[in-house]
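Please look over the sequence and the model before reading on.

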Amino acid sequence: MIYLDAAATSPVRREVLEAMWPYLTGDFGNPSSHHAVGESAARGLADARAAVAAWLGCRASEVTFTSGGTEADNLAVKGIALANPRDRHIVTTRIEHEAVLESVDYLVRVHGFSVTYVPVGRDGLVSPDDFAASLRPDTTLASVMLANNEVGTVQPIATLAALAHEHGIPFHTDAVQAAGWLPLDVGALGVDALSISGHKLGAPKGVGALFVRGRIPLEPVIHGGGQERGRRSGTENVAGAVALATAVRLTAEGLDARAAAAAEARDAFIAAVLEEAPGASLTGHPTSRLPGSASFVFAGTNGEAVLLELERRGVVSSSGSACAAGSEDASHVLLALGYPEDVARTAVRFSWGPEMPADQLARVAPAVGDAVRTVAQLGR
Ligand code: PLP
């Protein structure tokens with residue numbers, strides 16, 4: 001079986017499991033406890049925070065551990081918006097993950113915010129001019145994802161963040177999908193808040209982190225014992241934080257070379273699929289895209305049927321976002337890119353991690369062609 005759904009989740013890496021194990025057993029303490037067992041857990045947590053901060057190029061005090069990407073996005077969007085007592089307008093896009101879209105919707109429904117969705121092109125890119133035109137004097141937050149989880153388009157985040165700052169508006173980016181592939185120096189990106197998630201990087205599901213620049217006020221979303229400097233109450237998931245820190249260390253090692261090799265393998269894969277599969281077209285931007293994914297629409301088919309045929313041929317992939325799992329709706333991302341609903345329903349996303357051998361990826365293209373032809377012939 002070839003697993004090509006890394007954008008949904010990835011297995012826990014052996015080194016990560018080994019690093020977290022002591023914090024589930026001998027060093028199991030509560031980091032708030034004032035005894036030796038608690039103190040060793042607190043040291044593990046502090047080291048993990050320092051490692052994530054080093055990767056992001058920020059201060060340790062600017063990193064808040066969360067239960068994953070969804071919580072990090074909720075905390076960024078609701079936390080920054082609600083900490084501003086005056087302004088009530090959000091700028092975002094319709095291709096964000098549901099964690100951002102639903103948080104914005106909550107602010108609109110419950111707190112009377114208004115929202116402007118910056119249009120995106122067919123390639124999934126936000127134009128800086130459109131973004132600038134959406135900013136208002138009462139804009140309290142702009143949130144645009146670094147890389148899209150369905151079509152892989154990478155946004156010009158540094159440019160967008162600089163435009164927001166011209167008006168003194170804080171800028172958040174969801175970097176959950178970008179994290180395995182792109183350097184995430186928050187200084188270079190110029191962002192005020194950035195979300196990551198462990199299970200896309202080889203750490204377990206249920207741990208993530210939010211960077212928030214020190215001077216940005218943040219209203220907590222989860223209230224309680226005041227852990228995480230009052231930003232996120234709840235006994236810390238020490239083993240999860242250690243796992244995330246280990247995963248980011250492993251990700252950072254040799255990242256540029258791995259990303260370049262994966263981009264080359266991706267381009268060969270895209271070319272082969274376009275040649276093998278009748279009616280195939282690539283979604284997302286042709287060049288400004290993640291090295292670890294490629295999504296296609298296959299005219300005249302049905303994406304779910306193609307997935308089943310692929311699985312029969314030993315290839316596991318996805319029709320789009322696993323986060324909207326169970327939903328029969330066409331992808332909100334492809335609809336926002338202007339694809340008609342019937343075409344959006346023919347989408348298949350292939351995604352892989354840095355360890356994917358190029359020759360294995362190359363072997364998938366004929367299977368894709370075969371699966372698409374079978375579905376098209378059966379008229380599904
Ligand atoms: N943001 C993006 C872009 C994602 O792709 C995902 C998950 O797929 C999330 C947020 C949510 O992260 P988590 O699964 O850790 O809650």
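A residue counts as buried when its relative accessible area is under 20%, as exposed when it is over 50%, and as partly exposed in between. The model shown here is predicted.

**Two residues in a loop**

Glu228 sits in the loop between β8 (208-212) and α8 (238-252). Its relative accessible area is 7%, so Glu228 is buried. Arg229 is also found in the loop between β8 and α8. With a relative accessible area of 65%, Arg229 is over the 50% cut-off and therefore exposed.

The backbone angle phi deserves a note for both residues. For Glu228, phi is near 55 degrees, which is a positive value in a residue other than glycine. Arg229 likewise has a positive phi near 55 degrees and is not glycine.

**A residue in a helix**

Ala259 belongs to helix α9, which covers residues 255-276. Is Ala259 buried or exposed? Its relative accessibility is 12%, so Ala259 counts as buried.

Which residues does Ala259 touch, leaving aside those up to four places away in sequence? They are Trp181 and Pro291. Pro291 is 32 residues from Ala259 in sequence, yet the C-alpha atoms of the two are 6.0 Å apart in space.

| Residue | Relative accessible area | Class |
|---|---|---|
| Glu228 | 7% | buried |
| Arg229 | 65% | exposed |
| Ala259 | 12% | buried |

**The chain as a whole**

The chain contains 13 helices and 12 strands. Its C-alpha trace spans about 65 × 50 × 35 Å along the principal axes. A compact globule of 380 residues would have a radius of gyration near 21 Å, and the chain agrees with this because its own value is 21 Å.

Of the 380 residues in the chain, 56% are buried.

As for charge, the chain has 30 positive and 42 negative side chains. The centres of these two sets lie 3 Å apart.

Note on methods: Residues are numbered from 1 along each chain as its sequence is written. This is a predicted model: local features need pLDDT of at least 70, side-chain atom pairs count only at pLDDT 80 or more; totals for chains, interfaces and linings use all residues. Side-chain values use heavy atoms; hydrogens and water are left out. Helices (H or I, at least four residues) and strands (E, at least two) are DSSP runs, numbered from the N terminus. The radius of gyration is taken over C-alpha atoms; the globule rule is 2.2 Å times the number of residues to the power 0.38. Buried means under 20% relative accessible area, exposed over 50%, partly exposed in between (1.4 Å probe, protein chains only). Lys and Arg count as positive and Asp and Glu as negative; His and the chain ends are not counted. The place of a charge is taken as NZ of Lys, CZ of Arg, CG of Asp or CD of Glu. Contact means heavy atoms within 4.5 Å.
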